[in-house]
Amino acid sequence: YDVSDSVLVASTGKYGKTRAIYVYNPDGTAVDTIKTILIGTVRDTLYNSARGIASDPTGDNIFLSSFDVVYKINATTRQGVSKVQPTAGATLTKVAVDSLGEIFTAFVLDGIGPIKIFGSNMAFIGNVVDTSRGFSRTVAVSNNGNDVYFPGYTKNTVIRYRSNNGSLGPYTVAATDTLLKGAVCESMEWNRKTGHLWVSTGYNSLPTTAGSFYGPATWYAFNTTTKTVQDGFVWKAYPGKNVDPRPRGIAF
């Protein structure tokens, strides 16, 4: 393996491949490669597959979902701050973070467990819902923590869980909280400038519901107040490279 993205394994004396985080300048030049994360006196190597990176509203910290662990990492020093394991052995989606730095975690597999809430210190607060439905890759939350959006892409919808008390709950679901019907959503992210929630929809091998509004490999800017689409763009695969791209990540 290339030493730049591998670690020397003491037990074998050989280099082992990692699933590193690559850090770049705005112009695309490389800055750093994060292969291990030190929390206290314990150093974890990033061997496990990840489902995405989120940030707190200030941008001071990022949150990496690495298999069943969430790492809180200082975005400037790129050093570990803390970590939490919501459920051992259960693969996490990308997490969501509200304005208080509270972390909302969900699971990839259908019906495996709850959407959980942790404080900025990684202490458990409570559940949004005891069991989420549908396979998923991500979750989103409003700044005030009142609205949690869970896209079960095998259910072809995004479900909104609503609380008038933020993370204190309780969260409920009304009939009108089944959103973007027909969409196969695997990634979501807020555009903080416009306040729109950008959602991805489908790909050729897992298309949107027949006859629905949403096209494949497309991101839409969703206005969560009016529940209408405001903008969008199609992601075109590079010719001859990937004929069926899966839109699994977007950032602003």
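Guide: Happy to, and we can go from the overall fold down to single residues.

Guide: One thing to keep in mind is that this is a predicted model.

Visitor: Good to know. How many helices and strands does the protein have?

Guide: The count is 0 helices and 22 strands. The radius of gyration is 18 Å, close to the 18 Å from the globule rule for 252 residues, so the protein is as compact as a globular protein of that length.

Visitor: And what does the C-alpha trace span along the principal axes?

Guide: About 55 × 50 × 35 Å.

Visitor: What share of the residues is buried?

Guide: Buried residues are 49% of the 252. As for the surface, the protein exposes about 12,500 Å², with carbon and sulfur atoms supplying 52% of that area.

Visitor: What about contacts between residues 24 or more positions apart?

Guide: Those make up 40% of the contacts that have a separation of 6 or more.

Visitor: Switching to charges: how many positive and negative side chains are there?

Guide: There are 24 positive and 18 negative side chains. The centres of these two sets lie 4 Å apart.

Visitor: Let's talk sheets. What is the strand order in the open sheet of 4 strands?

Guide: The order is β11-β12-β13-β14, with antiparallel pairing. At the edges you find β11 (96-97) and β14 (124-129), each with a single partner strand, so one side of each has no neighbour in the sheet.

Visitor: How many bridges hold β13 and β14 together?

Guide: β13, residues 115-118, pairs with β14 over 4 bridges in the antiparallel sense. For a landmark, look at Ile117, whose bridge partner in β14 is Gly126.

Visitor: Now the hairpin of β9 and β10. Which residue there takes a positive phi?

Guide: That is Arg78, with phi near 60°. The hairpin has 5 residues between its strands. The strands themselves, β9 (residues 69-74) and β10 (residues 80-84), run antiparallel and are joined by 4 bridges. Val70 stands opposite Val84 of β10.

Visitor: While we're on β10, is Ser82 buried or exposed?

Guide: Ser82, which belongs to strand β10, has 15% relative accessibility and counts as buried because the cut-off is under 20%. Apart from neighbours within four places in sequence, Ser82 contacts Ile39, Val70, Tyr71, Lys72 and Met122.

Visitor: How far is Ser82 from Ile37 in space?

Guide: Their C-alpha atoms are 9.6 Å apart, with 45 residues of sequence separation.

Visitor: Back to backbone geometry. Which residues are joined by a cis peptide bond?

Guide: Gly169 and Pro170, with omega about -5°. Pro170 sits in the loop between β17 (157-162) and β18 (178-179). As background, most peptide bonds are trans, and most residues other than glycine have a negative phi.

Visitor: And where is Asn156, and what is its phi?

Guide: Asn156 lies in the loop between β16 (147-152) and β17. Its phi is near 60°, positive although Asn156 is not a glycine. Lys227 also has a positive phi, about 60°, and is found in the loop between β21 (218-223) and β22 (228-234).

Visitor: How accessible is Lys227?

Guide: Lys227 counts as partly exposed, at 32% relative accessibility.

Visitor: Next, Asp147 in β16. What does Asp147 touch?

Guide: Beyond residues up to four places away in sequence, Asp147 touches Ala140, Val141, Ser142, Arg160, Tyr161 and Arg162. At 8% relative accessibility, Asp147 counts as buried. From Asp147 to Ile21, 126 residues apart in sequence, the C-alpha distance is 30 Å.

Visitor: Last one: where is Ser132, and what is its relative accessible area?

Guide: Ser132 is in the loop between β14 and β15 (140-141), and Ser132 is buried, at 0%. Leaving out neighbours within four places in sequence, Ser132 is in contact with Asp110, Gly111, Gly113, Ile115 and Phe150.

Methods:
Residues are numbered from 1 along each chain as its sequence is written. This is a predicted model: local features need pLDDT of at least 70, side-chain atom pairs count only at pLDDT 80 or more; totals for chains, interfaces and linings use all residues. Side-chain values use heavy atoms; hydrogens and water are left out. Helices (H or I, at least four residues) and strands (E, at least two) are DSSP runs, numbered from the N terminus. The radius of gyration is taken over C-alpha atoms; the globule rule is 2.2 Å times the number of residues to the power 0.38. Buried means under 20% relative accessible area, exposed over 50%, partly exposed in between (1.4 Å probe, protein chains only). Contact means heavy atoms within 4.5 Å. Accessible areas come from the Shrake-Rupley method with a 1.4 Å probe; for residues, only the protein chains shown count as cover. Lys and Arg count as positive and Asp and Glu as negative; His and the chain ends are not counted. The place of a charge is taken as NZ of Lys, CZ of Arg, CG of Asp or CD of Glu. Two strands pair if DSSP finds at least two bridges between them.
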